[in-house]
Amino acid sequence: MTRTDKTLCALYGALAAVALVGTQWALLDFLRSDDSSMGAMTDALTANPVVGFVGIDLGVVALAAVVFMAVEGRRLRVPWWGVYVALVFLVAASVAFPLFLIARTRQLARQRVSVLA
C-alpha cells in the first residue's frame, strides 16, 4: 500500500471510530432514559420538520452507500462486502461506510500490486 492508501485508511478508521462512539453513546443515552420504548423512539424521530429532514437525508445517504458497497464490493471482489452492508442496518451507516472504504482501499492496493508483479 502506498503512503496515500495508508493515510486514507487511517482517516477512514478515525471517522468510523468517532461514528461508533457517537452513535452508540446516543443510543445508550436513549436506552437509559425514562421512556425508551419503540413508541418513544418513533415520536423522537418525527418530533419536528428538522428531525424529519435529517432522518430523510441520512436514510437516503445510507441507501446510496448500500448500493455503492454492493456494486463496488462485487466489482472489486472486496472480501466480506456483505458484512459492511449488514452493518449499515445493525450498527450505523456512519460506521459501516468508512469501514467498507478501508476494505476497498486495501483491495485496490492489492490489485495494483498483483498487476505490477
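The model is predicted, so local features need pLDDT of at least 70 and side-chain atom pairs count only at pLDDT 80 or more, while totals for chains, interfaces and linings use all residues. Residues are numbered from 1 along each chain as its sequence is written, and side-chain values use heavy atoms, with hydrogens and water left out. Helices are DSSP runs (H or I, at least four residues) numbered from the N terminus.

**Packing of α1 and α5**

- Helix α1 (residues 3-32) packs with helix α5 (residues 93-116) at an angle of about 165 degrees, and their axes are 7 Å apart. Axes are lines fitted to C-alpha atoms over the stretch in contact, and angles run from 0 to 180 degrees between N-to-C directions.
- This makes α1 roughly antiparallel to α5 (angles over 145 degrees count as such).
- The α1 and α5 crossing is left-handed, meaning that the near helix is turned anticlockwise from the far one by less than a right angle.
- On the α1 side the contact (heavy atoms within 4.5 Å) includes Asp5, Cys9, Tyr12 and Gly13; on the α5 side, Ser94, Val95, Arg106 and Arg112 are among the residues involved.
- The α1 contact with α5 has 12 nonpolar, 4 polar and 3 charged residues. Ala, Val, Leu, Ile, Met, Phe, Trp, Tyr, Cys and Pro count as nonpolar, Asp, Glu, Lys and Arg as charged, and the others, Gly among them, as polar.

**Aromatic rings**

- There are 3 aromatic pairs in the structure (ring centres within 6.5 Å, using the six-membered ring of Trp).
- Phe68 and Phe97 have ring centres 6.0 Å apart and planes at 70 degrees, so they are edge-to-face (planes over 60 degrees apart).
- Phe68 is in helix α3 (residues 49-76) and Phe97 in helix α5, so this pair links parts 29 residues apart in sequence.
- Phe68 and Phe100 are also edge-to-face, with centres 6.1 Å apart and planes at 85 degrees.
- Phe68 in α3 and Phe100 in α5 tie together parts that are 32 residues apart in sequence.
- Phe68, Tyr84, Phe97 and Phe100 form one aromatic cluster.

**Accessibility of the phenylalanines**

- Phe68 is partly exposed at 33% relative accessibility (between the buried limit and exposed, which is over 50%).
- Phe97 is partly exposed at 28%.

**Trp81**

- Trp81 lies in helix α4 (residues 81-90) and is partly exposed at 23% relative accessibility.
- Trp81 touches Met69, Ala70, Gly73, Arg74 and Phe100, leaving aside residues up to four places away in sequence.
- Trp81 and Val71 are 10 residues apart in sequence, and their C-alpha atoms are 9.6 Å apart.

Notes
Helix = DSSP H or I, 4+ residues; strand = E, 2+ residues; numbered from the N terminus. Parallel < 35°, antiparallel > 145°, perpendicular 65-115°, else oblique. Phe/Tyr/Trp six-rings, centres within 6.5 Å; stacked < 30°, edge-to-face > 60°. Buried < 20%, exposed > 50% of the residue type's maximum accessible area, 1.4 Å probe, protein only.
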